[in-house]
Amino acid sequence: MSACTVTTDLETTGPSSNPSRPTTVQTQAGVPQQQNPQQGQPQATQPQARRVVSAAQAGGLVKVTGQGAVSDLAIDPGEVRPNMTLVMENYQYPGQQGDPVLLVAVDNVPEDTSTRRQHLWRGMLERVGWTYGDVSAEPYAPGPYGGSLECFLASLSEDGNVICGWADENTAGVALFPNSDLATASSDFAAMRNDIEQ
């Protein structure tokens, strides 16, 4: 895949910029350029070497097992080295019918975690068949682990497919929330992250 080509001024898209201002950058792959958690704004907490785990429940959603569970690579997670953990699971709200929430997370990321998050976002956009050009990610409260958490709508209406991603010192994760909206997906994703990242 080709690298993203940024066509906007990055001075206003870093973590120290106004958090209520959406991050909007045009890229070749239609993936938003995101905030970089590695520099600028202090992190909420900075524990060493957090890991990602496959939790039975994440943010009130239940891991799908048996039929409907992830049985193959749903998206390309990028390079996974021996000391890394890859979590790729479907989660559902209790009593939910329809498409589950797909979550992909990695730890001990060898490159900048923002770069890995961007790679995962690209995979999610390919999964939903997004061909409508650039998207705009908006920052949301990252929760107690800090870093940055951003979401964008991969739909032509006010609700539909929402893709969220986090990046911090050594982990990155993304989730696809079908039939959702930005407010709900961002809140649920932050809660899921608290159970997936340890």
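Mentor: Happy to! A residue is called buried under 20% relative accessible area, exposed over 50% and partly exposed in between, using a 1.4 Å probe and protein chains only. Of the 198 residues in this protein chain, 48% count as buried. Please keep in mind that the model is predicted: local features need pLDDT of at least 70, side-chain atom pairs count only at pLDDT 80 or more, and totals for chains, interfaces and linings use all residues. Residues are numbered from 1 along each chain as its sequence is written, and side-chain values use heavy atoms, with hydrogens and water left out.

First, the setting. The protein chain has two helices and nine strands, where helices (H or I, at least four residues) and strands (E, at least two) are DSSP runs numbered from the N terminus. Along the sequence they follow the pattern β-β-β-β-β-α-β-β-β-β-α. Among contacts (heavy atoms within 4.5 Å) between residues at least 6 apart in sequence, 62% join residues at least 24 apart.

Now to your rings. Rings of Phe, Tyr and Trp (its six-membered ring) pair if their centres lie within 6.5 Å; planes under 30 degrees apart are stacked, over 60 edge-to-face, and the rest tilted. By this rule there are four aromatic pairs. One of them joins W166 and F189: their ring centres are 5.6 Å apart and their planes meet at 40°, so this pair is tilted. The pair links distant parts of the chain, with W166 in strand 8 (residues 160-167) and F189 in helix 2 (residues 182-196), 23 residues apart. Both W166 and F189 are buried.

F189 also pairs with F177, and here the geometry is edge-to-face, with 6.3 Å from centre to centre and 90° between the planes. This pair, too, links distant parts of the chain: F177 sits in strand 9 (residues 171-180) and F189 in helix 2, 12 residues apart.

How buried is F177 by relative accessibility? F177 comes to 1%, so it counts as buried. F189 comes to 0%, and therefore counts as buried as well.

Put together, W166, F177 and F189 form one aromatic cluster.

For contrast, look at T115 in helix 1 (residues 113-128). At 48% relative accessibility, T115 counts as partly exposed. T115 and A167 are 52 residues apart in sequence and 8.9 Å apart in space, C-alpha to C-alpha.
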